[in-house]
Amino acid sequence: YMPLLEKNPQLGLPFKEIKCAKCGFTSKNEHDFIVDPTDHQYYCHKDSMPCDACSKYASSYNIHAVTIADESKNLCGICYTSLFKQCPTCKSSVYNEDILPPMPAVNGSESDDRRLGGCKKCSVQCDDCAKVANKENAYRYNNSDYCEECFYEYAGYCNKCSEVTDKDDLTYVEDEGDYCPKCFENNFFTCDDCKKSFDKSD
């Protein structure tokens, strides 16, 4: 157990009787309580448990259950905040270094669904503009992560085979859409005179 202070901070008086901050249990025996390292309140033993990191006892109210290397751990508030943060989006507990900070609003507004930031579990950071984007709405291309806006600046989908293709390699066919080099060659030809593209089947 953790030794109590000489004075009871809850009463502001020399130690006589203290009260569990959670269940209300009172006692004059200091061994019936622990002092939580996070909020410095007294808690009885039935409402406390040891931190798996520092081994100090803390109130179960201030214990954070996390998973480290696929193993469940209970951490007191001090150890938790030194190692983890709560993702502002998915609310998962993740290592501090896995938090993706939000970017400042552009032109006074921000439409991205991760304007509060995110974590590497639920989000990615665009390698082009550094904006945090939902993984479900992000794009992986040429070993880089992109938000939707930046992705379509560099690439697009072939209207025939649906393959992702560099934007510079796509050929637009009027009333048809964009085509990768292979699909364009197989399905269209370009008139040497007017430079317009026509379907080979016509």
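## Overall architecture

Helices (H or I, at least four residues) and strands (E, at least two) are taken here as DSSP runs, numbered from the N terminus, and by that definition the protein has 3 helices and 24 strands. The model is a predicted one, in which local features need pLDDT of at least 70 and side-chain atom pairs count only at pLDDT 80 or more, while totals for chains, interfaces and linings use all residues. Residues are numbered from 1 along each chain as its sequence is written, and side-chain values use heavy atoms, with hydrogens and water left out.

Of the 202 residues in the protein, 32% are buried, where buried means under 20% relative accessible area, exposed means over 50%, and partly exposed lies in between (1.4 Å probe, protein chains only). Accessible areas come from the Shrake-Rupley method with a 1.4 Å probe, and for residues only the protein chains shown count as cover; on this basis the protein exposes about 13,000 Å², of which carbon and sulfur atoms supply 46%. Among the contacts (heavy atoms within 4.5 Å) in the protein with a separation of 6 or more, 22% are accounted for by residues 24 or more positions apart.

## Salt bridges

Side chains of opposite charge can pair when their charged atoms come close. With a salt bridge defined as a side-chain nitrogen of Lys or Arg within 4 Å of a carboxyl oxygen of Asp or Glu, the count comes to 4 salt bridges. One of these joins the side chains of glutamate 71 and lysine 73, with an N to O distance of 3.5 Å; glutamate 71 is partly exposed at a relative accessible area of 45%, and lysine 73 is also partly exposed, at 24%.

Another salt bridge pairs aspartate 98 with lysine 120, the closest N and O atoms being 3.7 Å apart. This pair links distant parts of the chain, 22 residues apart, since aspartate 98 sits in the loop between β12 (93–95) and β13 (99–100) and lysine 120 in the loop between β14 (118–119) and β15 (123–125). Aspartate 98 is partly exposed, with a relative accessible area of 25%, and lysine 120 is likewise partly exposed, at 47%. Arginine 140 and aspartate 145 also meet through their side chains in a salt bridge (3.1 Å, N to O), and arginine 140 counts as exposed at 55% relative accessibility.

## Cysteines

When a disulfide is taken as a pair of cysteine sulfur atoms within 2.5 Å, the count comes to 0 disulfides. Cysteine 76 is in no disulfide, and the nearest cysteine sulfur, that of cysteine 79, is 3.7 Å away; cysteine 76 counts as buried, at 1% relative accessibility. The sulfur of cysteine 122 lies 3.7 Å from the closest cysteine sulfur, in cysteine 87, which is too far for a bond, and cysteine 122 is buried, with a relative accessible area of 11%.

## A buried serine and a surface patch

Serine 59 lies in strand β8 (residues 57–59) and counts as buried, at 0% relative accessibility. Leaving aside residues up to four places away in sequence, serine 59 touches Ile34, Asp36, Tyr43, Asp47 and Ser48.

On the surface, Tyr152, Tyr157 and Val164 form a nonpolar patch with about 240 Å² of accessible area together. Patches are made of residues with over 30% relative accessible area and no salt bridge, like charges being joined within 9 Å and nonpolar side chains (Val, Leu, Ile, Met, Phe, Trp, Tyr) within 5 Å. Valine 164 is placed in strand β20 (residues 164–166) and counts as partly exposed, at 32% relative accessibility.
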